[in-house]
Amino acid sequence: MDYGTGAIFGCPAHDERDHKLALSMNLAIKQVIENKNIAIDVNCAAYVDARQKSIEELEKRSLGKRTTNYRLKDWGVSRQRFWGCPIPIIYCNICGAVPVPEDNLPIILPKDVIFDGHGNPLDAHPNWKHTNCPKCHENAIRETDTFDTFFESSWYFTRYCDVSAKEMTNKESCDYWLPVDQYIGGIEHAVMHLLYARFFTKLMNEQKIISIREPFINLLNQGMVLHATYKDSNNQFLYPDEVVKQGDKLVHKESGLEVTKGRIEKMNSPPEKDLEWSASGIEGCSRFIAKLQNMLKVIAMYNNQTTIIQKDSKINLQLNSQSFRQDEFETTPCASVQIVREQRRMAKNSLVSSFVNDAVPDQKQLLKLIHSTIKYVAEDIVSFKLNKAIARMRELFNNLSDKLSENNILDIELIKEGFSILIRLLNPFIPHITEEIWQRLGNTERLYKMPFPTFDKSLLIAQSYIIAIQINGKLKETHEFDIAISNEEIKKIAINLPKIQKYIEGKEAKKIILIPQKAY
């Protein structure tokens, strides 16, 4: 058994696990290093030097020798399957295992393999594996196993730095791009792929192929996507379609026996936590994407210079349905185009002036939400709080939808701007769909080439805050005050609030304590 898997090292005085075991079993602990005055730091220079001298003395007396212990174990890189990178080895009865010459690379896999579920399809191929030895030119056999995919992914990030490199990698490009800023993988990667990639990186460094010694800066272990498991009374697993709900219990559909359900996690979990696979979660995402496309159609109607008149004179955007019912709308003749253009021009100018003069509070409130969403989504992405980022973007969409439902032409330019920003924020999450929506909005530049949206800090400054009003230490009311109001005005307004007057009952306040701008 290797040390590190739970085996005992045999030094209870100076090994944490040994010490814990010795205490629990009441075993004797022999102190090897002791200092009564200060705590011992086994990593300080004096003790490092002492360890080296101890090793030298043991070697001198032939009582032991220094060794380097490697945690990387033998790695079986071959797989008996068709898909994968061919292993460039040829087996010759005369020359043995011979590498495929570099000018014969890459090895091309055959396209006429038969997948019958029996054995390795490459080994069963009638002629692909038959070749000639590169050395003696006699008949030989190709290696029919292929590489484990971890083998290629342990170094291909260096190739991504310049995919057109004539050699294995472009060292100059690797010097520019590497190391990788963020590594994201399941927990199994921490002991497999991550370790192999570090091994490849150090090997490539020693071969002067790349300059770095460590390939990745940060690691995030993502959670696993799970599904609820079901077991019957005999502890046997059941398929989900074999289980039905009766009241508060789950039972087997045929036998009626009670069924036990495994763990459950919400579908909108943070990336580092496990979650349960849920079709309803996917359906929710699909509905949201449909709503985005529906909003695009409504905005496009305004862009087409038409006045939308619904049959009952009220616009119903149908943003909560899967499909956009365009038959509910009628458009005016082309004669009205110039009028609508003028309305839209005036609307845009009106919006600009209203923001400057703070004349339209609800529009400015939406503008603030747009810019705060940019700020917090960016922060959530950086900190991998992706579920929070999506929640914020959905909140922005809901506000845009509410504003659009008001059918106020003065709002359309702001809504369109907010929708464009929302599509840019969503692009890292749903790139293909947002790219299509972006182009249908009339943009010619590819969305993936656009910079991430920036926010206006001035729009994030609170213009008001809520103060809690207490009487004799008990909360009686809350009220929103303008940030520019004076302390004396706050006291005056607070005293004259109807609820406060009710508790005061004409009495004079003996003492008023105000903590300025302390939000409730």
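**Group meeting: a walk through the model**

Let's start with two cysteines: the sulfur of C161 has its closest cysteine sulfur in C174, 4.1 Å away, and that is too far for a bond. A disulfide here is a pair of cysteine sulfur atoms within 2.5 Å, and searching the whole structure turns up 0 of them.

Quick word on what we're looking at. This is a predicted model, where local features need pLDDT of at least 70, side-chain atom pairs count only at pLDDT 80 or more, and totals for chains, interfaces and linings use all residues. Residues are numbered from 1 along each chain as its sequence is written, and side-chain values use heavy atoms, with hydrogens and water left out.

Back to the cysteines. Is C161 buried or exposed? C161 is buried, at a relative accessible area of 13%, while C285 is partly exposed because its relative accessibility is 40%. For us, buried is under 20% relative accessible area, exposed is over 50%, and partly exposed is in between, with a 1.4 Å probe and protein chains only.

Now helix 13, residues 431-440. Its buried residues are T434, E435, I437 and W438. Looking down the axis of helix 13, they fall within an arc of 165°, so they line one face of the helix. That arc is taken from the directions from the helix axis to the C-beta atoms. In general, an α-helix has 3.6 residues a turn, so residues three or four places apart point the same way. Just after helix 13 comes G442, with a positive phi of about 100°. Helices and strands are DSSP runs numbered from the N terminus: H or I with at least four residues for helices, E with at least two for strands.

On to the strands, where a pair needs at least two DSSP bridges. There's an open sheet of 3 strands, in the order 11-10-14, with antiparallel pairing. Strand 11 (237-238) and strand 14 (260-261) are at the edges with a single partner strand each, so one side of each has no neighbour in the sheet. Strand 10, residues 230-231, is joined to strand 11 by 2 bridges, and K231 sits opposite F237.

Last stop, a hairpin. Strand 18 (464-471) and strand 19 (474-482) pair antiparallel over 8 bridges, with I471 opposite K474. Which residue takes a positive phi in the hairpin? That's N472, near 55°, in a hairpin with 2 residues between the strands.
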